[in-house]
Amino acid sequence: MKRQYIYIVTIVLLAATVVLLVGSLSRETIEEPGSVLRVESFGAGGNDQQDDSSAIQAAIDYSYENEHLPVQLLGKTYILKRGLRLKEGVMLEMGVATKLLVEGNFNVLEVEGKTSITNGTIEITTPEFRGTAIYVSGKEQVWTTNRINIENVTLYNSSGTNRGKGIFFNAESSGEFISFVNVSGVNVSGFHSAVLLEATPPEGGEDYNFINGNRFVNMTLDDCIVCIQINSGVTIPNEVSGNMFDNLQVQLTERTDKAVILSGSNNIVEGMVWDIAFMKDSQALVDLTKDSSENLLKLNLTKDRVADEGRGNRVSALEE
């Protein structure tokens with residue numbers, strides 16, 4: 001009886017050891033040396049014309065549920081036929097030659113707080129696209145302690161339709177807000193709206209929402225119908241204020257309608273606008289709406305290219 005007991009204990013210990021070894025090996029096959037996650041470990045092939053959406057989302061989910069290791073997509077072209085959700089605390093690291101080819105109509109990356117996106121290209125390839133390449137909801141209540149960083153990414157609608165949005169920050173309900181996001185070195189080309197910040201009145205008129213204090217630096221906005229658009233009231237209950245667009249390069253084409261449409265207050269837009277000759281002589285390229293106040297624009301445009309219906313806005317314009 002004693003010998004039988006020893007055998008049973010030995011078998012149990014061996015089984016437990018095997019389980020631990022399998023778990024360890026499984027983790028080692030997923031996690032690359034240097035503590036990163038490669039999406040290939042979750043089934044993404046890349047360069048094979050197959051849908052990689054599920055595999056990339058699985059890598060993001062694994063990172064979120066474990067140690068928030070960076071998720072890497074390096075040097076390949078990945079197909080997306082549905083959107084991805086970048087969960088809190090996850091870093092998405094793409095190589096400079098990495099492409100996400102988007103086939104369909106959806107938000108490509110919906111971004112939660114405490115996340116970052118670096119490098120790579122998100123390319124829209126289908127005409128039916130009406131979504132957003134990078135979408136942030138005010139439901140995330142983004143603040144200094146859970147801010148978002150987006151750096152050196154190219155957003156490109158190559159379908160020729162100029163539809164959809166490149167970057168969209170959206171606050172709809174009471175208590176929603178997005179503040180202190182850093183967007184740097186991002187190129188946006190071929191969309192309807194390159195950058196759209198929108199705060200709509202909360203239902204019932206209670207409380208407030210806002211999109212304030214975000215930074216958009218060293219960006220190129222090319223061949224979009226509207227390059228920068230801010231939709232809001234002058235102030236609360238729906239406010240978009242104190243956002244900074246600095247060191248911009250804005251490339252107009254014959255498809256461009258407006259360089260800037262601006263509501264809200266105390267926003268700053270500074271940069272260079274190219275190929276104004278594409279536009280009709282009488283066409284205003286900047287609209288400061290009746291809900292704009294105390295905004296500052298420093299662009300190489302003459303005053304006749306600016307329509308100002310707001311109050312206290314300051315426009316540094318060229319002499320005619």
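1. Nonpolar core. In this predicted model, the largest nonpolar core holds 76 residues. Those touching the most other members are Ile-117, Ile-122, Leu-155, Phe-169 and Met-219. Helix 2 (residues 53–65) gives this core its largest share, five residues.

2. Leu-155. Beyond its neighbours within four places in sequence, Leu-155 has contacts that include Ile-122, Ala-133, Ile-134, Gly-166 and Ile-167. Val-186, Asn-187, Val-188, Ser-189 and Phe-191 are also in contact with Leu-155.

3. Helix 2. The end C-alpha atoms are 18 Å apart. Buried residues of helix 2 include Ala-55, Ile-56, Ala-59, Ile-60 and Tyr-62. Ser-53, Gln-57, Asp-61 and Ser-63 are buried as well.

4. Aromatic pairs. The whole structure has nine. One of them, Trp-143 with Phe-210, is edge-to-face, at 6.5 Å centre to centre and 80 degrees between the planes. Trp-143 sits in the loop between strand 11 (132–137) and strand 12 (149–151), and Phe-210 in strand 19 (residues 209–212), 67 residues apart. Trp-143 is partly exposed, at 38% relative accessibility, whereas Phe-210 is buried at 14%.

5. A stacked pair. Phe-177 and Phe-210 count as stacked because their planes are at 10 degrees, with ring centres 5.1 Å apart. Phe-177 lies in strand 15 (residues 177–179) and Phe-210 in strand 19, so the pair ties together parts 33 residues apart in sequence. Phe-177 is buried, at 18%. Ring pairs link Trp-143, Phe-177, Phe-180, Tyr-208 and Phe-210 into a cluster.

6. Confidence. Mean pLDDT is 90, and 88% of residues reach 70 or more. Residues 7–29 stay under 50. For that stretch the model has four contacts beyond four places in sequence.

Conventions
Residues numbered from 1 in each chain as written. Predicted model: local features only at pLDDT ≥ 70, side-chain atom pairs only at ≥ 80, totals over all residues. Heavy atoms only, no water. Core = buried A, V, L, I, M, F, W, Y, C linked by side-chain atoms within 4.5 Å. Buried < 20%, exposed > 50% of the residue type's maximum accessible area, 1.4 Å probe, protein only. Helix = DSSP H or I, 4+ residues; strand = E, 2+ residues; numbered from the N terminus. Contact = heavy atoms within 4.5 Å. Expected span 1.5 Å × (residues − 1). pLDDT = per-residue confidence, 0-100. Phe/Tyr/Trp six-rings, centres within 6.5 Å; stacked < 30°, edge-to-face > 60°.
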